[in-house]
Amino acid sequence: MSIFERVGDLIKSNVNDLLDRAEDPEKMVKQMIVDVEKQFQKATQELGTATGGLNRLKKQLEEAKKQSASWNEKAKACLAQNNEELAKRALENKVEQDKLVMQYQVMYDSMDKQVEDLKNQTMQLKQKLEEARSRKAVLIARSQVADSKMSAAKTLSGIDSSSAFAKMDKMEQKIMDKEAQAEVSTDMFELQGKTDAFATVEKEENVNAELDRLKKEMRL
C-alpha cells in the first residue's frame, strides 16, 4: 500500500465517528493531527526525492540530445572533407545517442507525470492537514461541552429530589411540633400563675372569715 493510499484512508475517516468511538476524543483528535503531520512530512520528503530524480533524468536527456547533435555536426564536417568512413563512425555514435534520447524521453515523460500526481496529492494532503488543524479547536471545545453536560446529568440523576423534599417536610413538621409544645408550655405556665393567685386570694378570704367568726364568739 502506497503512502497516499494510507493517508487517503486516514483522511476519509469520519472525524465525528472517531469522536463517537474514542474513549478520549481530545486525545484522539490530537493524535490524528500528529499522524497526518507525519504522513505529510513523509510525502514531502518523497516528493523532494522524486523531483530530484526527475531533474537528474532531465539533465541526462539534455546531455544525450547534446551529444547527438555534436556527432551530427562531426559527421557533416567529415563529409565536407570527403571522409565518408569517418562520417559513418560519427553517425554510428549519433544513432546510439538517439536511442538514449528516446529512452530518456520515455522515462522522463512517465516520471514527470508521476511527480505531478505526487505533487497534487501532497497539496491535497496539506489542505486536509490545515482543515484538520482548524477544526481541532472546535472539536475539542465540543467534546469538553459534551463532557460537562454528561457530568451535570450524572450529578442530577444521583440526587433523589423526592427524598430530599420529604426530609424537609419531616423536618418542618418537627419544628411545628416544637413550636406547638412551646406555645402549650407558655399557656400552662400563665394558667398556673393565675391559679396560684386565685388560691392565695381564696385562702386570705377564708382566714378573714375565721377571724370574724372568732371575734363574734369572743364578743370583741
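**Entry 1. Lys94 and Asp98**

I started with a pair of side chains: lysine 94 and aspartate 98 meet in a salt bridge, with N to O at 2.8 Å. I note at once that the model is predicted. Both residues lie in helix H4, four residues apart, which is about one turn of the helix.

**Entry 2. Other salt bridges**

How many salt bridges does the count come to? I get four. I wrote down two further pairs.

Lysine 113 and aspartate 117 join their side chains in a salt bridge, 3.2 Å from N to O. These two are also in helix H4, four residues apart, so about one helical turn separates them. Lysine 113 is exposed at 55% relative accessible area, and aspartate 117 is partly exposed at 33%. The lysine falls in the exposed class because its value is over 50%.

Lysine 76 forms a salt bridge with glutamate 73, and their closest N and O atoms are 3.8 Å apart. I checked this against the cut-off: the pair counts because the N must lie within 4 Å of the carboxyl O. Lysine 76 and glutamate 73 sit in helix H3, three residues apart, again about one turn of the helix. Lysine 76 is partly exposed at 49% relative accessibility, and glutamate 73 is partly exposed at 47%.

**Entry 3. Fold and confidence**

I listed the elements. The chain has five helices and zero strands, so the order from the N terminus reads α-α-α-α-α. Of the contacts with a separation of 6 or more, 80% are between residues 24 or more positions apart.

I then looked at pLDDT. The chain mean is 78, and 72% of the residues reach 70 or more.

For the surface, I noted that the chain exposes about 17,200 Å², with carbon and sulfur atoms supplying 55% of it. Of its 220 residues, 18% count as buried.

**Entry 4. The largest nonpolar core**

Which residues make up the largest nonpolar core? I find 11 of them: Leu47, Ala50, Leu54, Leu57, Leu61, Ala64, Val101, Tyr104, Tyr108, Val115 and Leu118. Helix H3 (25-80) and helix H4 (84-157) are the elements that give two or more residues to this core. H3 gives the most, with six residues.

I took Leu61 as a member to inspect. Leaving out residues up to four places away in sequence, leucine 61 touches Val101, Tyr104, Gln105 and Tyr108. Apart from this core lies another, of seven residues, including Met32, Ile33, Leu129 and Ala132.

Is alanine 132 buried or exposed? It is buried, with a relative accessible area of 15%. That puts the residue in the buried class because the limit is under 20%. Alanine 132 lies in helix H4. Its contacts, not counting residues up to four places away in sequence, are Met32 and Ile33. I looked up one spacing here: alanine 132 and isoleucine 33 are 99 residues apart along the chain, and their C-alpha atoms are separated by 6.7 Å.

**Entry 5. Lys65**

Lysine 65 has its place in helix H3. I find lysine 65 partly exposed, at 42% relative accessibility. Which residues does lysine 65 touch, not counting those up to four places away in sequence? They are Val101 and Gln105. Leucine 61 also has Val101 and Gln105 among its contacts. I also noted lysine 65 and methionine 102: they are 37 residues apart in sequence, with a C-alpha to C-alpha distance of 9.5 Å.

**Entry 6. Asn82**

Last, I looked at the loop between H3 and H4, where asparagine 82 is found. What is the phi of asparagine 82? It is near 60 degrees, a positive value in a residue other than glycine. Most residues other than glycine have a negative phi. Asparagine 82 is exposed, with a relative accessible area of 74%.

Notes. Residues are numbered from 1 along each chain as its sequence is written. Side-chain values use heavy atoms; hydrogens and water are left out. A nonpolar core is a set of buried Ala, Val, Leu, Ile, Met, Phe, Trp, Tyr and Cys residues joined through side-chain atoms within 4.5 Å. Buried means under 20% relative accessible area, exposed over 50%, partly exposed in between (1.4 Å probe, protein chains only). Contact means heavy atoms within 4.5 Å. Accessible areas come from the Shrake-Rupley method with a 1.4 Å probe; for residues, only the protein chains shown count as cover. pLDDT is the predictor's confidence in each residue, from 0 to 100.
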